[in-house]
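Dear colleague,

I am passing on the structure we spoke about, and below it you will find my notes. Please read them with the coordinates open beside you.

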Amino acid sequence: MNKEFENVLDDCLERLIVRGETIEDCLNAYPQRADTLKSLLQTALLTKNAAGIEPSPRFRASARYQFRIALQKAASSKGSFLSVWRFRLATALTTIIVMLMAGGGLVVATGNSMPDSPFYSVKLAVEQMQLNLTFSELDKARLISEFTGRRVSEIIHMAQKGDNDRVIAGTNLLNNQLEMIVGLTDYTNNLWLDGSAIKESGQMVPGTDRPLTTTTGLIMPPPLVTSLPPSPSTDAVFQSPLAEENEAPSLLTILLQDGIDNSNALRDSLSTVPESTQPALLEAIAVLEEYYDAISGTGD
Amino acid sequence: MQDEQSLVQRARQHDEEAFAELYEKYFDKIYRYISLKIGNRIEAEDMTQQVFINALSSISSFKWRGLPFSAWLFRIAHNQVVDHLRKKTRQPTFSLNESITASNDNPQKMTEQNMDIEQLVLATRNLTIAQQEVIALRFAGELPISQVAKIMGKSEGAVKALQHSAVVSLRKILNVVQ
């Protein structure tokens, strides 16, 4: 009898947890057990909903990036020659292409090319090569942040031309680059990106309730306010002696300023694009602001 | 399952994309499982990352032998949680909701209202270790009963009985009313 009920309950839980059916569906399937089942299924539903927490975007991006690095390291150390060979060949080919183009002044031309231009893939290849030749994680983050500005210009350009597909493709590219920034900034152990790592130093960031220093001794940044440019007092915080000792705060300033500029550019362009591309543009804004919220520590 | 088997096969041969696909498939589930088991978001984040790093380093030793990849991965997570809890004895550090802290003395009636993860973590502390494991694997890991049984080394019947008693206990702890 008990075993039979356990099977019934398990079937209902399977429907509820895995198949997304409702409590009513289960009760209808077992009307003779409905009275006993109902409160158990309500408990199960509460449990399922409470257990269904989502990792924060900051953690997701950072973990994904670090896992990718671990994957690449594992592949190269375990003799996955294909992966290493591919990487080296790509770097060498891109370098040759860029050197050839540099002679003809094409690099400048590709630098301004848009996604509908035949030179656009070369522009992306050049960016990748720049990244491959940048070894400091902080410099990589700066560089990618610069690239996000280009992605935003491209998204706006394509939105103005009514090319929805390329706006979406540009947003995906932007999303990847923003994830890389979050991953890189976490990778360099800039724990000021994570409020959880804050050590109680007693000193607070002016105008906020956030402590000035973290476990790494770095200066806490002010929260990101997308509608306002950084105030002079904000700069003063970043130029303290501690800030001079560590590159991180100036990197954060750059990232946040880029975030504000990019967000403003996208928002300003909303009124200039056809109605058909406005939803895609709004999605780009949402993606951008979610990541900058994560970077500024306001998104978790 | 066949798809996953071929993905795992490729991952064992150091195919980065295959492993990345497995990572995406299980990342959220492992995170939820660990969060529910240890009740601390920051530590859960660190441990989730570590589970996948450990899986990466030992994937070549993985053999099917009737044990699905998910069961193998959750085994790694389970062992890590056990090690972690053994090392530290303090209570979960989620910010505790006072109304739930008091719920043992004056149970709050729950019907349609929501419960958050902190409340669930506290409620599961009143279950037996085996019941906690079933709830975490089934509800946070979203695993079918057959895989839960394999991970726990029990029969499906025994896991169903544990699941039943765990839900009954949770109903009493949370004072769920119809």
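Helices here are DSSP runs of H or I of at least four residues, and strands are runs of E of at least two, both numbered from the N terminus. This is a predicted model, in which local features need pLDDT of at least 70 and side-chain atom pairs count only at pLDDT 80 or more, whereas totals for chains, interfaces and linings use all residues. Residues are numbered from 1 along each chain as its sequence is written, chains are lettered from A and ligands numbered from 1 in the order in which they are written, and side-chain values use heavy atoms, with hydrogens and water left out.

On that basis chain B has 9 helices and 0 strands, so that its elements read α-α-α-α-α-α-α-α-α from the N terminus on. Of the 178 residues in chain B, 53% are buried (under 20% relative accessible area with a 1.4 Å probe, protein chains only; exposed is over 50%, and partly exposed lies in between). Where contacts (heavy atoms within 4.5 Å) in chain B link residues at least 6 apart in sequence, 65% of them join residues at least 24 apart.

Turning to the interface, 51 residues of chain B and 45 residues of chain A take part in the contact. Together the two chains bury about 4400 Å², 62% of it on carbon and sulfur atoms; this buried area is the accessible area (1.4 Å probe) that two parts lose on being put together, summed over both. The interface also holds 7 salt bridges, a salt bridge being a side-chain nitrogen of Lys or Arg within 4 Å of a carboxyl oxygen of Asp or Glu. One of them pairs Glu14(A) with Arg138(B), whose closest N and O atoms are 2.9 Å apart. On the side of chain B that touches chain A, helix 2 (16–38), helix 3 (41–58), helix 6 (117–124), helix 7 (129–140) and helix 9 (156–174) of chain B each supply at least two residues, and helix 2 of chain B gives the largest share, 12 residues.

Leaving aside residues up to four places away in sequence, Leu37(A) touches Phe5(A), Val8(A), Leu9(A), Cys12(A), Leu27(A) and Tyr30(A).

With best wishes
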